Amino acid sequence: MFDIRWIRDNAEAFDRALTNRGKAPLSAELLAVDDRRRAHITRLQELQARQNAASKEIGRAKQQKDEARAQALMAEVASVKAEIQAGEATEREIQAELDAKLAEIPNVPQDDVPVGADEHGNVEVRRHLAPRNFSFPPKQHFEIGEALGLMDFERAGKVSGARFVFLKGKLARLERALGQFMLDLHTDTHGYTEVDPPFLVKTESAYGTGNLPKFAEDLFQTREGFWLVPTAEVPLTNLVREEILDEPALPYRFTAWTPCFRSEAGSAGRDTRGMIRQHQFLKVELVSITTQDQSAAEHERMTQCAEEVLKRLGLPYRTIVLCTGDMGFASQKTYDIEVWLPGQGAYREISSCSNCGDFQARRMNARYRPAEGKGTRFVHTLNGSGVAVGRALVAVLENYQNEDGSVTVPEVLRPYMGGLEVIAKG
């Protein structure tokens, strides 16, 4: 969410940022609405001044026993008051129009974000581990899981429809092991506070993180008006909504393991088989609340925390910085971590770590008191997958598969699997 005063003072930079994101320049349109709003407010102030002056004149007219003038002034005051009331309603309408336009505008990229139109403009920054050389053609995760009899898409389709799955037995436990391992790593080693948040949120909470109104079709809504969380980012970030924090207490670091619900409205025909893109999936989320001075370093730290999950699992990955045309709506800068999937012969996203600056904080009115100086400032918010549990399961199955169809359990997960070393059929 932008401050219209900032757009007025930085119109050229604002339009350039939108152009880099593949959007049309909007400063002229927005400032025209704001000019109309400001002119209307000036008119209301003039009317209020006239009402106050006329009210005083009524008293003087009565003192002078000029009843005709007093009545004329009283009629004028009544007329001006009615015009003010109507004008205040018009002011609210203009403000709502401006707010609606501002709510649809994506965040401004940081200066070091590469300019590009789409994913082809993303830039790789590092890689970890070379992909394994298989002595047999590696299978995709759904082929492995179905052959083990532990992954059932057909029955899930009967029960719930497309993009759902039943995991059974040791695969269900493996997914649970992955989530527990990630939570333990982030809380015990990385210093995040574990939170068990609500999975249903109010409209204003989804608005605060930028999911609404623009992405309503990507979410699921209940008949009672709640929204199912597309990610734990929504409830975790809203922990500080309408709060004023003390700078010495920052940064706040939260983590949560939750189901996530997405309609995948724009994904028709993509990843229709398997667990890569589902309506319901598990994810461990990381959220940081910090200051402007700390947010860039916190972004690097968060990304490293997510990478550490894959390092300990022994999974090959690469980290890329997204270009301006491929960034998320609320992000100033995003690193995507892509894990290698030998069954697909491709790197696929498993984590996305974003610095949102004060974009979400303005929508949530989340502020902090600086240790020095007066007043308050908007916090900076960051979020990242730490990591997507379902996709981690996919990566483990494909990278640790054996020729006989079994899957070796990564050593770091064995304590969570009761010491089990291999998942085999039967």
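The legends below describe close-up views of a predicted model.

**View 1. Packing of helix 3 against helix 4.**
Helix 3 covers residues 27–63 and helix 4 covers residues 67–103. Their axes are 8 Å apart and meet at an angle of about 160°. Angles over 145 degrees count as roughly antiparallel, and the two helices are therefore roughly antiparallel to each other. The crossing of helix 3 past helix 4 is left-handed. Sorted by class, the contact between helix 3 and helix 4 holds 17 nonpolar, 17 charged and seven polar residues.

**View 2. Helix 7, residues 169–189.**
Helix 7 has 21 residues, which at 1.5 Å a residue should span 30 Å. The C-alpha atoms at its ends are 30 Å apart, in agreement with that value. Buried residues of helix 7 include L171, L174, L178, M182 and L185. An α-helix has 3.6 residues a turn, so residues three or four places apart point the same way. After helix 7 comes G191, with a positive phi near 80°.

**View 3. The largest nonpolar core.**
This core has 49 residues, and L174, L178 and M182 touch the most other members. Two or more residues come from each of several elements, namely helix 5 (141–148), helix 7, helix 10 (292–313) and helix 12 (389–399), together with strand 9 (280–290), strand 11 (333–341), strand 12 (346–355) and strand 15 (380–388). The largest contribution to the core is that of helix 7, with eight residues.

**View 4. K23, in the loop between helix 2 and helix 3.**
From C-alpha to C-alpha, K23 and R277 are 27 Å apart in space, with a separation of 254 residues in sequence.

**View 5. K168, in the loop between strand 3 and helix 7.**
K168 is in the loop that runs between strand 3 (166–167) and helix 7. With a relative accessible area of 36%, K168 is partly exposed. K168 and L148 are 20 residues apart in sequence, and their C-alpha atoms are 9.9 Å apart in space.

Notes
Residues numbered from 1 in each chain as written. Predicted model: local features only at pLDDT ≥ 70, side-chain atom pairs only at ≥ 80, totals over all residues. Heavy atoms only, no water. Axes fitted to C-alpha atoms, helices over the stretch in contact; angles between N-to-C directions. Helix = DSSP H or I, 4+ residues; strand = E, 2+ residues; numbered from the N terminus. Parallel < 35°, antiparallel > 145°, perpendicular 65-115°, else oblique. Left-handed = near helix turned anticlockwise from the far one by under 90°. Nonpolar A, V, L, I, M, F, W, Y, C, P; charged D, E, K, R; others polar. Expected span 1.5 Å × (residues − 1). Buried < 20%, exposed > 50% of the residue type's maximum accessible area, 1.4 Å probe, protein only. Core = buried A, V, L, I, M, F, W, Y, C linked by side-chain atoms within 4.5 Å.
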